[in-house]
Every structure is written in structure tokens, then in C-alpha cells.
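Subject: Two-chain model, notes for handover

Hello,

Here is the structure we spoke about. Please keep it open while you read the notes below it.

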Amino acid sequence: MILYLKAGGMLREYLQPDVDAFTRRVECTEGMSLRDILLSIGIRPVHVAMAFSGDRLIPLSHVPSDGETITLRPPVQGG
Amino acid sequence: MPDRYARQSSLPGIGPAGQRALEQSHIFVAGTGGLGSPVLMYLACAGIGRITFVDRDVVEITNMNRQILFDSTDIGSRKTDVACRRLSAINPDIHLTPLDTPLNEQMITESDFPIDLVIDCLDNDPSRRMLARACHARGIPMVHGALAGYEATLAVFQSRTGPCYACVYPDPPVDAISPPVLGGIAGTVGSMMAVEAIRVILDVGPDRSGSLLLMDFERGTFDRVYATRITECPICGIGSGSPKI
């Protein structure tokens, strides 16, 4: 199945976008969790502070559906 | 003589009664840096009657790109001293309590004056968790802001009725100690935090607690996303040892 991952900032370096400057198209096996998908493309989950799909925060245990777009956020802790 | 607050007290949702409510409110601000600077300045401008703020740092040259409470002549001075002077000049009618010590929970849970709202302008996760614990213990809403690079987060947490900071970040995030920050982004987000604080105090507009505004100034996107309370949350969840709701 196909999944689209988006990221900005420092996470882009790890994501290696290929659709546009912020988006990567990922082919993965149905039933994989987001955590496993990230690991399969070389992104350590520790670099992802949160992820969202539509208007909902999702945990890394989320199992994406075909065609889903998920945005990843790096840790943001400065003040 | 024209009223200092004439241009805001005529707003729907404020009015003379709202202005009095602002003047009778007490806000606790943790951090006087990139976010804390605009937050404190706009709270002072708005006439928040009592502001307590905590920061134990001195002004440094590297603060100058974003911490607009301070200027080059303040380098080496205690931030709380300079902030107090600057805020008093902005509005001499408000009561300021600067705390030049490390943040602790008792500043909030044992405050002599009841705190209506806490604003998180901190720069690290452990202190944010401490603040969230104190807010949950007293049922105080917490306005949270954070930034790194081109990205920023803004949220209001009311942990007695919705998710708290630790529900959103169950695992302490790994982060650079001094992430790169563009001053204008700190100013924008800090100003928005001050607006959220006033909205919460006056109950203006819809309740947005439990949602996060995720901003990416490079992509030019603002996404509002919704979090849910987690039962195993170490701060507000079952078994956290916090007061039960």
C-alpha cells in the first residue's frame, strides 16, 4: 500500500522527501504500524515528537490505511 | 483623560466588566525569554492586574535576536530586574512579582494570591512537566507555547476536563539544548499566547482547550489538531497520584 509522509524543519533531513519539498511517498505492507514504517525508512521514532492525520494526533502505534497522509513533527521545546 | 484601555475595552466580549476582570486577574508566567518577552509585554499592556513571573537567567548577547524585553545595555543584568523595570514603564498600574529563582511547583500550588492562569514560556520538557503537574493539582488552565526552527506549537490545557501536556507528550521528547529560533516567530507565537490567555480569562470565543495549533512557518501551514486524554498519563491519568476529578 501507499502512504504519504510529510515533515518540515529538521525532520526533512531524515525523511528525504521525493513528492515535493516536504512529502515522501512510501510503499509499505498493510498492517504495519507507523513506528515500524518509520524504522523501515531509516527514521528513528525518537526524532518524531508527534504525528497527525487530518485533525487528529495519532500515536506511533497507529496502523495507516492505504493512501493516508501523515504529518510528522520533530521535538519542539524551545522558548 | 482618555482611558488607557479604551481601544480594547470597546471590543465585544471585553467591555468595562471584562476590563475589570483582567485587572482583577493573576497570571503566572514561567520564562521571560523569546516567548515570555511578548507574553509579558502584552499582558502588561492589557492591564492584567497581577503578574508573577519566574526566570533565573541573566541577559546574554545571544538573547538579542528575539527577547524584546531586553536591549544591549541590559547584557549581564538579571532578567527579572530588567523585565520588572520595563513592564512597570509600560503599565505602572499593575502589580508585578518577579521570582529570580529556579521554578518549583510550590510557586503555583502555594501562591499567596490565587492564580487564574499559568503561561508556559519555558525551554525544556522537565520544567514543562513540573508546571503541568502544578496546574493539574490546582485545576489551573495552562497556556503552552514552544518553538524550534521554523516550527511552533500553541495549546491551552485544562487538565481537569481534557488532556494535559503529558497526554500530548507521553514520552519526554529529545531536543537540542539551544534550538535555532527566528525572533519574529518567537514574537508571533508569544503574542498569540497572550491573546489566548486573555481569551481564557474572559471566556471569549469557543473553548479550544485540548487542541493544538501546530505552526510551520517554512511551509506556511497552521494545523489545528485534537488530542485526547490518556488514562495512563503520569500527571492527570488514573494512578498518577494527582487529585481525582
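The notes below cover the model's confidence, the contact between the chains, a few helices and some single residues.

This is a predicted model, in which local features need pLDDT of at least 70, side-chain atom pairs count only at pLDDT 80 or more, and totals for chains, interfaces and linings use all residues. Residues are numbered from 1 along each chain as its sequence is written, and chains are lettered from A and ligands numbered from 1 in the order in which they are written.

Confidence

pLDDT is the predictor's confidence in each residue, from 0 to 100. The average for chain A is 95, and 100% of its residues score at least 70. Helices (H or I, at least four residues) and strands (E, at least two) are DSSP runs, numbered from the N terminus. Among the elements of chain A, the lowest mean pLDDT, 92, belongs to helix α1 (residues 11–15), and the highest, 98, to strand β2 (residues 23–27).

Between the chains

Two residues are in contact if their C-beta atoms, placed from the backbone, lie within 7 Å. By that rule, 18 residues of chain A are in contact with 33 residues of chain B. On the side of chain A that touches chain B, β3 (50–53) and β4 (56–58) of chain A each supply at least two residues. The residues on that side of chain A are 10 nonpolar, five polar and three charged. Here Ala, Val, Leu, Ile, Met, Phe, Trp, Tyr, Cys and Pro count as nonpolar, Asp, Glu, Lys and Arg as charged, and the others, Gly among them, as polar.

Helices of chain B

A residue is buried if 20 or more other C-beta atoms lie within 10 Å of its own, exposed if 12 or fewer, and partly exposed in between, with C-beta atoms placed from the backbone.

Helix α3 (36–46) of chain B is mostly covered, with nine of its 11 residues buried. Those buried residues are G36(B), S37(B), P38(B), V39(B), L40(B), M41(B), L43(B), A44(B) and A46(B). Just after α3(B) comes G47(B), with a positive phi of about 85°.

Helix α4 (residues 79–90) of chain B has 12 residues, which should span 16 Å at 1.5 Å a residue, and its end C-alpha atoms are 16 Å apart, in agreement. The expected span of a helix is 1.5 Å times one less than its number of residues. Buried in α4(B) are K79(B), T80(B), V82(B), A83(B), C84(B) and L87(B). The buried residues of α4(B) pack against α3, β2 (50–54) and β3 (95–99) of chain B.

Helix α8(B) has 20 residues and reaches 29 Å from its first C-alpha to its last, close to the 28 Å expected at 1.5 Å a residue. Its buried residues include I185(B), V189(B), M192(B), E196(B) and I201(B). The elements that the buried residues of α8(B) pack against are α2, β1 (26–30), α3, β4 (117–120), β5 (142–148) and β6 (151–157) of chain B.

Helix α2 (residues 15–23) of chain B packs with helix α8 (residues 183–202) of chain B at an angle of about 110°, their axes being 10 Å apart. That makes α2(B) roughly perpendicular to α8(B), a label for angles of 65 to 115 degrees, where under 35 is roughly parallel, over 145 roughly antiparallel and the rest oblique. Axes are lines fitted to C-alpha atoms, for helices over the stretch in contact, and angles run from 0 to 180 degrees between N-to-C directions. G18(B), A21(B) and L22(B) of α2(B) and I198(B), I201(B) and L202(B) of α8(B) make the contact. These residues divide into five nonpolar, one polar and no charged.

Single residues

D203(B) follows α8(B) and is found in the loop between α8 and β7 (211–216) of chain B. Its phi is near 55°, a positive value in a residue other than glycine. D203(B) is exposed, with 10 other C-beta atoms within 10 Å.

Q16(A), in the loop between α1 and β2 of chain A, also has a positive phi near 55°. With 11 C-beta neighbours inside 10 Å, Q16(A) counts as exposed.

R129(B) lies in helix α6 (residues 125–138) of chain B and is partly exposed, with 18 other C-beta atoms within 10 Å. Not counting residues up to four places away in sequence, R129(B) touches Y165(B), A166(B) and I235(B).

Regards
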